[in-house]
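Hello,

I am passing a structure on to you, and I hope you enjoy looking through it. Please open it first, and then read on for what turned up.

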Amino acid sequence: MEAPPFSVAVSSSSSSSRTVFRSLSSSAHTSSLFFLRNNHYKTRHLKVKSSGKFAVRASLSGDSVVTLLDYGAGNVRSVRNAIRYLGFDIKDVQTPEDILNAKRLIFPGVGAFAPAMDVLNSKGMAEALCSYIENDRPFLGICLGLQLLFESSEENGPVKGLGLIPGVVGRFDSSNGFRVPHIGWNALEISEDSEILDEISNRHVYFVHSYRAMPSDKNKEWISSTCSYGDRFIASVRRGNVHAVQFHPEKSGEVGLSVLRRFLLPKSTVTKKPNEGKASRLAKRVIACLDVRTNDQGDLVVTKGDQYDVREQTEENEVRNLGKPVELAGQYYKDGADEVSFLNITGFRDFPLGDLPMLQVLRYTSENVFVPLTVGGGIRDFKDANGRHYSSLEVASEYFRSGADKISIGSDAVYAAEEYLRTGVKTGKTSLEQISKVYGNQAVVVSIDPRRVYLKSPDDVEFKVIRVTNPGPNGEEYAWYQCTVNGGREGRPIGAYELAKAVEELGAGEILLNCIDCDGQGKGFDTDLVKLISDSVSIPVIASSGAGCPDHFSEVFNKTNASAALAAGIFHRKEVPIQSVKEHLFKEGIEVRM
């Protein structure tokens with residue numbers, strides 16, 4: 001994963017980047033600094049239980065230990081969980097000697113190219129890593145862990161890499177209509193001698209990146225697979241015992257686990273040949289969303305609103321309870337969800353980092369769910385009761401370290417966009433800019449909550465107006481989409497179109513597009529809105545709100561440029577299984593991960 005090309009550069013010589021990454025690079029086994037400083041914040045009587053257990057772990061011996069190079073940027077917990085799930089223990093790299101002494105080394109590179117090289121060079125690990133790889137020792141690089149093997153990168157550069165593989169890492173070309181970042185499940189073209197890819201069997205794997213390395217005559221001997229997205233880029237490399245993949249095996253479900261298993265157990269034999277898939281290109285994603293909040297009894301539950309109202313229309317007016325978050329997330333993973341999104345709709349709004357139950361949900365979920373996890377709610381700058389200031393970057397960092405792959409920003413993004421449109425200045429201080437600068441724009445989702453406002457004339461407002469498919473209650477043929485904050489309770493003087501354009505420039509890598517009018521109605525997505533936004537930006541757009549049947553998914557994919565579609569209530573209430581949606585899309589000729 002990489003930072004966006006339009007974010008503020010973090011050069012390899014930047015002392016500030018060293019400070020940020022060193023502050024984030026403590027061992028995953030160390031208690032969070034935030035919680036040590038704020039242990040007076042209690043979780044009351046809220047309880048969150050893991051929905052499952054890890055696979056039986058091997059004993060702590062040399063053969064069962066995997067050395068992990070974690071320099072502290074992004075979600076490496078998922079890689080840790082996948083390794084443990086497969087029965088191995090982990091030794092973290094602390095010194096260059098730990099690299100040289102490793103029996104097998106995994107480098108899950110996350111973040112931006114320049115800060116990663118800065119950390120490797122400043123800690124003396126670049127030279128050790130080159131020596132380890134040049135001696136054909138067992139190595140697996142993931143995502144940025146592949147890119148760093150090349151000579152250089154154009155990301156905030158040029159920036160010099162390890163120089164082990166000929167070639168320059170460049171940005172995807174978005175001018176040909178392909179959305180950047182490349183996010184989602186795509187197909188591989190595998191060479192015969194790939195080894196760790198032997199069990200993929202023409203099935204999709206998960207990518208999330210803005211930069212890629214291209215095949216050439218000079219590096220062709222390294223290439224073990226390629227992928228097509230605008231151009232044909234390098235998806236994996238292999239030479240002897242050295243492997244690296246651009247995709248994320250720890251986020252590619254059972255297919256990805258097979259890649260890790262083949263690396264960790266290279267002499268193992270496949271007892272059961274996996275089913276042959278039909279992957280051919282980037283798939284449309286089907287995402288399960290879980291709105292999480294505490295009910296009146298203090299239990300953390302999954303709920304669902306009707307136009308954002310989550311309380312039952314009964315005398316008790318209780319919070320609608322549709323299940324336990326960890327258990328539901330685990331079930332949706334088994335059912336074939338391409339991603340799982342958590343939206344914390346209450347949170348400890350005065351102290352987001354005190355929201356231990358939500359962090360525990362992420363930690364427990366990531367133990368057994370090996371697809372991308374997104375979390376939103378309370379990600380902003382704030383002060384605690386003692387007056388101590390916390391940046392949105394610190395808040396996001398704790399979510400990433402707890403298992404999130406992406407964070408979703410709502411109200412804070414609206415305020416940032418309004419200020420940017422007013423001044424035309426990128427301050428670098430907004431949550432969008434801070435987080436995308438360190439973690440990459442592909443890690444930042446902006447959730448837009450608009451409400452349809454009908455108009456008689458397109459000249460009635462200064463915002464983007466469209467002609468609607470279905471006229472308004474008084475026959476109005478036009479509408480604009482007013483953005484809201486605070487769970488849809490407050491309208492703002494900015495339209496969804498203007499907001500989407502602004503947040504893309506500020507560093508968003510994806511847009512989650514809701515619609516208050518359609519929420520909980522089960523009558524289909526607002527295709528007018530989705531088309532408007534997906535045609536206006538070059539980043540992926542997730543359609544949300546209104547799904548009631550499988551036809552609604554094919555409709556939004558056929559009529560708009562949405563990259564994914566999200567649903568909640570129909571999955572929670574078991575009205576429509578995820579697999580039924582995918583089977584319908586497949587029959588309609590729409591590429592999906594089966």
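What is the mean pLDDT of the protein, and what percentage of its residues reach 70 or more? This is a predicted model, and its mean pLDDT is 85, with 81% of the residues at 70 or more. Please take care with residues 1–61, where the pLDDT is below 50. In the model, that stretch still has 152 contacts beyond near neighbours in sequence.

Start with T365, which sits in helix α10, residues 356–368. T365 has a relative accessible area of 1%, so it counts as buried, the cut-off being under 20%. If you set aside the neighbours within four places in sequence, T365 is in contact with V326, A329, F342 and L373.

Next comes helix α11, which spans residues 392–401. Nine of its 10 residues are buried, so the rest of the structure largely encloses this helix. Just after α11, have a look at G403, which takes a positive phi of about 130 degrees.

Finally, turn to L532 in helix α15, residues 527–534. L532 is buried as well, with a relative accessible area of 11%. Not counting residues up to four places away in sequence, L532 touches K464, I466, Y481 and Y497. One of these, I466, is 66 residues from L532 in sequence, while their C-alpha atoms are 8.1 Å apart in space.

Happy exploring, and best wishes

Terms used:
Residues are numbered from 1 along each chain as its sequence is written. This is a predicted model: local features need pLDDT of at least 70, side-chain atom pairs count only at pLDDT 80 or more; totals for chains, interfaces and linings use all residues. Side-chain values use heavy atoms; hydrogens and water are left out. pLDDT is the predictor's confidence in each residue, from 0 to 100. Contact means heavy atoms within 4.5 Å. Helices (H or I, at least four residues) and strands (E, at least two) are DSSP runs, numbered from the N terminus. Buried means under 20% relative accessible area, exposed over 50%, partly exposed in between (1.4 Å probe, protein chains only).
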